[in-house]
Amino acid sequence: MADFSKLTELSQQVRRDILRMVFNVQSGHPGGSLGCTEFFVALYGNVLKHSPKPFKMEGKNQDLFFLSNGHISPVWYSVLARTGYFPVAELNTFRKLNTRLQGHPTTHEGLPGIRVASGSLGQGMSVAIGAALGKRLDGDPRFVYCLTGDGELQEGQNWEAIMFAAFNKVDNLIVTVDWNGQQIDGPNDQVLSLGNLPAKWKAFGWDVLVLEQGNNLEAVIAMLRKAKRRCGKGKPVVILMKTEMGYGVDFMQGTHKWHGKSPNQEQFDQAMAQLPKTTLGDF
Amino acid sequence: MKIEDIVSTGTRATRDGFGAGLLEVGKQNPQVVALTADLLESLQMQHFKAAFPDRFFQVGIAEANMMGIAAGLSINGKIPYTGTFANFSTGRVYDQIRQSIAYSHKNVKICASHAGLTLGEDGATHQILEDIGMMRMLPGMVVINPCDANQTKAATMAIAEYYGPVYLRFGRPAWPVFTPEVQDFKIGKALHLASGTDVSIFATGHLVWTAIEAAKELAAEGISCEVINIHTIKPLDEEAILDSVSKTRAVVVAEEHQRNGGLGDAIANLLAHNLPVPMEYVGVKDSFGESGKPLDLLEKYGLGKKDVIWGVKDVLDRKKA
């Protein structure tokens, strides 16, 4: 993979962006953002067939991506900016008054790359299914991707969507679950256990793939490519992607405590020391 | 037009007008698609389904998912019409509509049948009387409540020409038809039904006919009512309302909805800022409905012809005082 080292460097820069954005305004969600960095870099940097400029809402003959767990907006914004959707300097406006980079992603301010608002959990998969059905109606052969959180699966609407997609053979859809086992109030298993997640998706009729190394860039790319090959066979595809919340910063890793909290100056310096500057440069 | 010239040509449910309009707009515009949550024939959507099976989606009893799928379909340039009861089209899925449709400014047409008390025997669980209020509070949402089957058909077709979220409200019972079979429906344009000088009656949905009947009886008593059909509650035709009120200086609003939050409040808001005059509401007084026949329910809950007449007399007393 010729561009692999570039993508590795991009991952490092995205992590710096996430922390700098959140630290800047002392708010936002670093934990899930850091944990999904490899996913976003793999998707936008290698897997998606997409055209950042000019951004077109309809995305005809392009792959579409929907983020259901909108609170991990920092990672998405960073990757969108660094793959050409809008100026990297705009990351500096995250969560500030008059910004297009709202706390949770939205189409309302016209930010390129966003196709629906998300933040209130459990809605993204339904929207992705609608977009996939639209592509099918149009004879558009491209794919629709959706990322959801694991705690988010406690929202009942997801199971309506999961049932619908299988019954209607929506097989141009690839859903990835950020399976980090954490949510705001603690581990999933203590808040409301998801039980046997692979068995549940299977029982609902999906083609289920489990990715053990969701923070290994090469593994994520390979899995997304594999999922694409599994499309068109009469079943929607789900990747249950094991990640570590806060991955890349030792004291944020593997705990729910950094779900929606900004580091203070000392913690920020400590985190940055673990993520050296890259040739891509900070925003 | 004179009030006595407005006559009914028969009865037909407004939901029949929706079914006919959906089929027609489906023929005219290949981007139109339709979804239902297990209420195909209640919404009269079987005609569209039979004509365009590929463009029809049965989502099962899962309204939240239906709203999200509709939002997603609109991203591809489709014009999705969702069909279920008004109760399940609004309160049950308010957050899905708010985030995925209204805030995201999606071109989804939320078509809601069996609104209000006239749903009848199923009772209060299904008789939503708060939907206009909920929907008109959402920024950018268009709210339409046509008065008869013909107008519902015209509105169903017209909303495809408008880009953006629309809430289209209609009902279950056979209801007098008095507007032309073919009509030009303009979103946001109030329809002046009869001229009058003593009082303006603004009505929406089923209660437009009730208002006409009341105005006829009042005319016989020498009271001259201006009757205006406000089929679009949002955006409100402020000019038409202010024009009429500046002449009559007295207002009665009639709607099959709670007094809180509906057309009455929308007009009161307008008048409070521009032209405060005596005003009476004909609507449900902060109460749930119950099982019963549609006309009996309207009478019991204060939405009958005599309630409009009393409203007019009360407001005229206040105007004189």
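I count strands as DSSP runs of at least two residues (E) and helices as runs of at least four (H or I), numbered from the N terminus; two strands pair if DSSP finds at least two bridges between them. B:Phe202 stands opposite B:Val253 in E13(B).

The model is predicted: local features need pLDDT of at least 70 and side-chain atom pairs pLDDT 80 or more, while totals for chains, interfaces and linings use all residues. Residues are numbered from 1 along each chain as its sequence is written, and chains are lettered from A and ligands numbered from 1 in the order written.

I then traced the open sheet of five strands in chain B and noted the order E9-E11-E10-E13-E14, with mixed pairing. Strand E9 (191-194) and strand E14 (279-284) of chain B are the edges, each pairing on one side only. From one strand to the next, the twist averages 25°. Angles run from 0 to 180 degrees between N-to-C directions, with axes fitted to C-alpha atoms, for helices over the stretch in contact.

Which helices did I find on the sheet? Helix H9 (residues 238-248) of chain B packs there, touching E9, E10, strand E11 (225-229) and E13 of chain B, at about 150° to E10(B). Contact means C-beta atoms, placed from the backbone, within 7 Å. Helix H12 (residues 305-320) of chain B lies across E10, E11, E13 and E14 of chain B, at about 160° to E14(B).

Last, I noted that chain A has 10 helices and seven strands.

Conventions
Contact = placed C-beta atoms within 7 Å.
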